[in-house]
Amino acid sequence: MRVGGSVRWLLEPTSPDELRGAYLAALESGLPIRFLGGGANIVAADGTWNGVVISSAQMRRIFRPLPGTSDTEGMDAGDADFRMAMPEPAYDPRLIAWAGCTLPALVRTTKGLGYSGLEGLMGVPGHVGGGIAMNAGGSWGDIWDHIEFVRLLNPEGEFVDVPRAAAHPTYRNGNLNGGLVVGAVWKLEPAPKLVVEARIREYLLHKQKVQPVTQWSAGCVFKNPDPERSEGRSAGKLVDDVGLKGFAIGDAQVSPLHGNFIVNLGKASASQVFELMDQVQDRVAQATGVELEFEVKRWLAQSQQ
Ligand code: EPU
């Protein structure tokens with residue numbers, strides 16, 4: 001969204017072991033800690049935040065199981081062994097990605113290999129870690145659909161593997177119980193590359209038509225409400241029905257294209273974005289009785305918390 005201020009400490013580990021080291025050091029500092037993935041779904045307050053931000057942006061690696069071995073090189077993260085028994089690699093459409101791998105990079109890899117299942121993530125500008133934590137998705141499904149297991153760093157600083165069957169992701173929430181995503185293994189469906197490519201193109205074209213993809217935003221601001229409370233209307237439709245598309249505070253504007261996006265027209269501040277979000281939430285509640293819940297993560301200043 002290109003608003004917001006700075007942070008006292010920014011740590012950028014490049015591997016799972018460094019991530020663990022950064023987390024333990026941050027714990028020892030006694031300062032508050034925040035985790036940053038791609039930042040695509042975060043609006044951070046103006047000013048300087050006196051804490052530690054640990055970013056996974058440098059943990060971008062993506063791997064395939066090595067042919068002819070039982071080793072999944074790359075998921076081998078220090079003490080915790082990230083190995084699996086590998087069947088025939090040619091029939092094993094698995095991918096391993098670390099938390100900082102971008103979602104478009106992950107999808108491009110599936111396109112190159114002819115693996116289907118993640119095409120709808122192509123237009124999502126975030127990273128694997130944030131995508132899993134938030135359960136990124138859309139009408140096509142979500143990021144957890146084809147996951148085999150996720151490796152987490154738990155609040156005690158230990159690596160823990162969570163198989164899909166033991167996880168309970170819900171709408172826009174990975175429900176990770178305070179765990180930090182280190183990486184994940186997906187098991188995808190083999191498919192002709194041209195088919196995968198065509199599906200990706202279809203999702204992107206649709207997205208470009210209905211969302212302000214070329215403007216600075218943090219994606220959808222609100223979660224879609226329970227259809228029973230909103231008469232089946234999505235958050236964007238409710239904002240639209242209340243007549244708030246185009247409404248602006250400074251350079252922060254409700255997108256004229258899609259009511260659930262706030263865009264930065266150039267020089268918006270985080271406080272203007274927060275103010276606009278609050279006003280939209282209030283006005284929708286007054287007009288429709290529906291209390292919209294934030295989907296974006298608001299990183300408030302210490303004084304606002
Ligand atoms: N609509 C309006 N006016 C608007 C916006 C939407 O009438 O201003 C109507 C649309 O015509 C459509 C309905 O509302 O009938 C739903 O809109 P859309 O298809 O754009 O989907 P959405 O529910 O708003 C969800 C996700 C998006 C994801 C899309 C596509 C949420 C909050 N949003 O949007 O995710 O890209 O589906 O799959 O779940 C995000 O999470 O940041 C995000 C953008």
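Author: When residues are sorted by class, Ala, Val, Leu, Ile, Met, Phe, Trp, Tyr, Cys and Pro count as nonpolar, Asp, Glu, Lys and Arg as charged, and the others, Gly among them, as polar. The model is predicted, and local features need pLDDT of at least 70, side-chain atom pairs count only at pLDDT 80 or more, while totals for chains, interfaces and linings use all residues. Residues are numbered from 1 along each chain as its sequence is written, and side-chain values use heavy atoms, with hydrogens and water left out.

Reader: How many nonpolar, polar and charged residues does the shell around the ligand have?

Author: A residue is near a molecule if one of its heavy atoms lies within 4 Å of it. Here 21 residues surround the ligand, and Tyr-171, Cys-220, Asn-224, Asp-240 and Gly-259 are the closest; by class, the shell has four nonpolar, eleven polar and six charged residues.

Reader: Which atom of Cys-220 lies 2.8 Å from an oxygen atom of the ligand?

Author: A polar contact is a pair of N or O atoms within 3.5 Å; within protein, one must be able to donate a hydrogen and the other to accept it, and residues adjacent in sequence count only if both atoms are side-chain atoms. For Cys-220 the atom is a backbone N or O, 2.8 Å from a ligand oxygen, whereas Tyr-171 places a polar side-chain atom 2.6 Å from a ligand oxygen. Within the protein, the side chains of Arg-151 and Asp-161 are joined by a polar contact of 2.8 Å.

Reader: Is Arg-151 buried or exposed?

Author: Buried means under 20% relative accessible area, exposed over 50%, and partly exposed in between (1.4 Å probe, protein chains only). Arg-151, which is found in strand 10 (residues 147-153), is buried because its relative accessible area is 1%.

Key:
Helices (H or I, at least four residues) and strands (E, at least two) are DSSP runs, numbered from the N terminus.
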